[in-house]
Amino acid sequence: MPDVNEAPWSLTLAEVGSRLEELREKRDLTLGAVVERLRARGIKTNISSLSRIEGGKRRTVPRELTEGLLDCYGADADERRDILGLLSVDTTPAGRRRRPALWRRHAALLGPMQFEGYLKLEPRAYLLRNYQPQIIQGLLQTREYAHCAIASMRPDLKPADVRGLVDVRMDRQQKIAAGALHEFQALIEQGALRRQVGDRQVMRGQLERLLAASEERQFSIRVVPDSIGCHPGLAGPFVLMSFQEITRDVLWVETMKRSVYFDEAQDVDPYTEVFTDLWERALDPADTRVLLKEMIKEL
C-alpha cells in the first residue's frame, strides 16, 4: 500500500509507466533493447531504471528520457500528447514544494491524519463517489454542522484545532467547485439524516443545504433507506475518485484519525461494486428531495 502523502505523484507516474510499458510491448521490445536504442541516441539509462518507471516507482521521470522512449516506440501524436500531458501535472513530491498556506498552518493536524494526499487529489477528480453511513459528507456540510461534527468526533482536539479543520473542509468545497469535478455522487444512509449533530437549527440548515445541492448540476444525492437493512457498506465510509487523464480509480478509506489510500484493482473493485449496488437500490434523486423536504418540515 502506498504512502498516502505520496498518492498524487505516484498515481500520475504509475499511469505514465503503464502507458509506456504498453507502447513498448506493442513494439515487441525488451527493456534491454530499449536501453541500447536510447544509448545510441545519447540518453543514458539502464534496465532497472526503466523497470521502475514502468512500475510507477520513480518519483520523477525526466522529460528528455520520456521523449526518447516515445521516439523509440514510434508513438503517434495523440499518444505523445497524452503522456507528456500527464508529466506536465505537478508530480513533485510533497516535501519539495510549497504547500498552500492553510495546509501549512494546520500541518500538525493534517500530518498525523495523513490527509494531504487526499487534499491534493480531490480537486483533480472528474467523478467523486462518497458513501457515508453515519454523517453527511464533508463536501456537503454547512460550516455549523461541520464544526459540531468535528468537535463531537474528535474530543481530543482544542477549539482552535476544530476551527482549523472546519476551515480546511470549507476550503475543500471551494476547490472542488473550481476544479475538474463533473459529478459528485453522494450516497447517504437515512439514519445519517436523522442523527442529531448540533441543535435543531443546525440540522435544519444542513438539510436545507442538502436540498439545495440536490438541485445543482455537480451533485447527485441519493439516500439509502432503512428498509434495505444490513449491507457491506456499513463497514465504514469511503470515497472513490475517478480522473479524466488517469485510467485507474482511487479508493480512500477514513478511520478515526487517519485516511488510507489504495489504487490497486483488487482493493478498489469491491468498494466500487458495493457503491454501485447501493446506488441502484437507494432512493432516486426525486424521491430523495421529497424525503429531505419532509424532514425539514418536521424540524
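Student: What makes the contact between Arg-154 and Asp-156 a salt bridge?

Tutor: The term asks for a side-chain nitrogen of Lys or Arg within 4 Å of a carboxyl oxygen of Asp or Glu. In Arg-154 and Asp-156 the N to O distance is 2.9 Å, so the pair meets the 4 Å cut-off. Please keep in mind that this is a predicted model, where local features need pLDDT of at least 70 and side-chain atom pairs count only at pLDDT 80 or more, while totals for chains, interfaces and linings use all residues. Residues are numbered from 1 along each chain as its sequence is written, and side-chain values use heavy atoms, with hydrogens and water left out.

Student: Is Arg-154 called buried or exposed, and why?

Tutor: Buried means under 20% relative accessible area, exposed means over 50%, and partly exposed lies in between (1.4 Å probe, protein chains only). Arg-154 has 12%, so it counts as buried.

Student: What does the salt bridge between Arg-194 and Asp-226 tie together?

Tutor: The closest N and O atoms of Arg-194 and Asp-226 are 2.8 Å apart. Arg-194 lies in helix H11 (residues 190-194) and Asp-226 in the loop between strands E3 (219-224) and E4 (238-242), so the pair ties together parts 32 residues apart in sequence. Helices (H or I, at least four residues) and strands (E, at least two) are DSSP runs, numbered from the N terminus. Arg-194, at 47%, is partly exposed, and so is Asp-226, at 40%.

Student: How many salt bridges does a search of the whole structure find?

Tutor: The search finds 18. Another one of them joins Arg-63 and Glu-67, with the closest N and O atoms 3.2 Å apart. These two residues are 4 residues apart in helix H4 (residues 63-72), which means about one helical turn separates them.

Student: Why do E3 and E6 count as edges of the sheet?

Tutor: The open sheet has 6 strands in the order E3-E2-E1-E4-E5-E6, with mixed pairing. E3 and E6 (259-262) each have a single partner strand, so one side of each is left without a neighbour in the sheet.

Student: How do you know that E5 and E6 are paired?

Tutor: Two strands pair if DSSP finds at least two bridges between them. E5 (residues 250-254) and E6 run antiparallel and are joined by 4 bridges, so they meet that requirement. In one of these, Val-253 has Val-260 in E6 as its bridge partner.
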